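Please consult the sequence and the model shown here while reading.

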Amino acid sequence: MTDVLLSELSDVGRDPAGGVTRFAWAAAELELREWFAARATALGLEVETDRNGNLWAWWGASLPGTAFVVGSHLDSVRSGGEWDGPLGVVSAFAVVESLRAAGWTPTRPVAIVAFADEEGGRFGLACLGSRLLTGAVEPDRALALVDDAGVTLRDAMSAAGHDPARVGADPARLAKIGAFVELHIEQGRMPVAGGARGLAGAGRPVGVAREIWPHGRWRIDLAGVPDHAGTTALADRVDPVLAMADGIVEVRRAAEELGILATVGRVRVLPGAVNAIASSASLWVDARGQDPERVRELVSAVESRLGVAAALESWTDVTRFDTALTADVAAVVGGEVPELPSGAGHDAGVLSLAGIPTAMLFVRNPTGVSHSPEEHAEETDALAGVAALTAVVRRMAG
Ligand SMILES: [Zn+2]
């Protein structure tokens, strides 16, 4: 399902089976980049691609002061929804369009940004464009990332006409950003103050994000003794797949006990033969929650259950959005604006960790379903999001 705001993009990267696939630097995403440039140029904005492939459209670039930046990302996960990311970008363009039409002009630069490769759907590392910009990831590490077809980010960028030699921390650009507000489709039905679940529960079309929950990823490797499935007695086996299954169940049990979210969404069994006892099995644990101690407790519980240590692959501490900016944004939006946490990471979080004042606006997603063709916002809510963002830009950049 789509609406008037997203209709221009709706067919791009559409999967016959449903949803959209718009991986970084691949054909569909490149088409969206062209759309961004055309949309910006039509509005008289100056288009620029930064060193890390993030797209910028400037309004009043020569005005004094740091920029007030709005936007989000254009890429998607595989067979994802069309709202996650593009809603923030199309809303930003709609804001500029309506303000221009009303004869309003900013007193500080306003920029619309589309961060590159937010989802990490192709190369496995999320928020790549913003992390490279802030220096949170080393260029060599990023450029060596490989997609499922064996193509490196370096080669994918080159093929798309972006010079990978330019990639890396960009403090000069960062210094131009005075504040960043990312409007985004709501994801999940997160707890709202007062006990409601999500904006649907709160009965409000628009909310603000308070923080992004701390989030870790671990890998657990379990060793087995490979042997023949038809000749090895059950009692003689050392089968790591059984331990893996036990670990998966323990992840869920501990998550329920601790009141956090934890997921095993990826496993690997080697050699992966139907008729052989595996030589090794690995599972990946994604765990997040309001309290980082509980996240670590979950991993300890799984480790002691399996008798092996989990290898930490990534850890992001709680990311709090700028309190003053968030309060200002909520005040401008008006009414009772629910505050809710985010369980998902965002470019706004990466910028916040780099010291940029950031805030997020969420647009109600009635089911909370995201990264799925079912992801959806009602048109009236999407337009309420545009109205909120318009009020914010008027106030903060006027
Ligand atoms: Zn997103």
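S91 lies in helix 2 (residues 86-101). Helices (H or I, at least four residues) and strands (E, at least two) are DSSP runs, numbered from the N terminus. S91 is buried, with a relative accessible area of 0%; buried means under 20% relative accessible area, exposed over 50%, and partly exposed in between, for a 1.4 Å probe and protein chains only. Leaving aside neighbours within four places in sequence, S91 is in contact (heavy atoms within 4.5 Å) with L5, L183, V386 and L389.

## Basis of the model

The model is predicted: local features need pLDDT of at least 70, side-chain atom pairs count only at pLDDT 80 or more, and totals for chains, interfaces and linings use all residues. Residues are numbered from 1 along each chain as its sequence is written, and side-chain values use heavy atoms, with hydrogens and water left out.

## Strand 5 and its partners

Strand 5 (residues 177-185) is mostly covered, nine of its nine residues being buried. Strand 5 pairs with strand 3 (residues 67-73) in the parallel sense over four bridges; two strands pair if DSSP finds at least two bridges between them. Within this pairing, F180 in strand 5 is the bridge partner of V69.

Six bridges join strand 5 to strand 15 (residues 358-363), and these two run parallel. Here L183 stands opposite L361 in strand 15.

Which order do the strands of the open sheet follow? Four strands form it in the order 9-11-7-12, with antiparallel pairing. Strand 9 (261-270) and strand 12 (311-316) stand at the edges with a single partner strand each, so one side of each is left without a neighbour in the sheet. The twist averages 15° from one strand to the next; axes are lines fitted to C-alpha atoms, for helices over the stretch in contact, and angles run from 0 to 180 degrees between N-to-C directions.

Strand 9 and strand 11 (residues 280-288) are joined in the antiparallel sense by eight bridges, and V269 stands opposite A281 in strand 11. Helix 9 (residues 292-306) packs on the sheet, touching strand 7 (215-223), strand 9, strand 11 and strand 12. The direction of helix 9 makes about 5° with that of strand 7.

## Salt bridges

A search of the whole structure finds 21 salt bridges, each a side-chain nitrogen of Lys or Arg within 4 Å of a carboxyl oxygen of Asp or Glu. One of them joins R78 and D148, with the closest N and O atoms 3.7 Å apart. R78 lies in the loop between strand 3 and helix 2, and D148 in the loop between helix 4 (139-143) and helix 5 (153-159), so the pair ties together parts that are 70 residues apart in sequence. D148 is exposed, with a relative accessible area of 75%.

D381 forms a salt bridge with R364, the closest N and O atoms being 2.7 Å apart. D381 lies in helix 12 (residues 379-397) and R364 in the loop between strand 15 and helix 12, 17 residues apart. Both D381 and R364 are buried.
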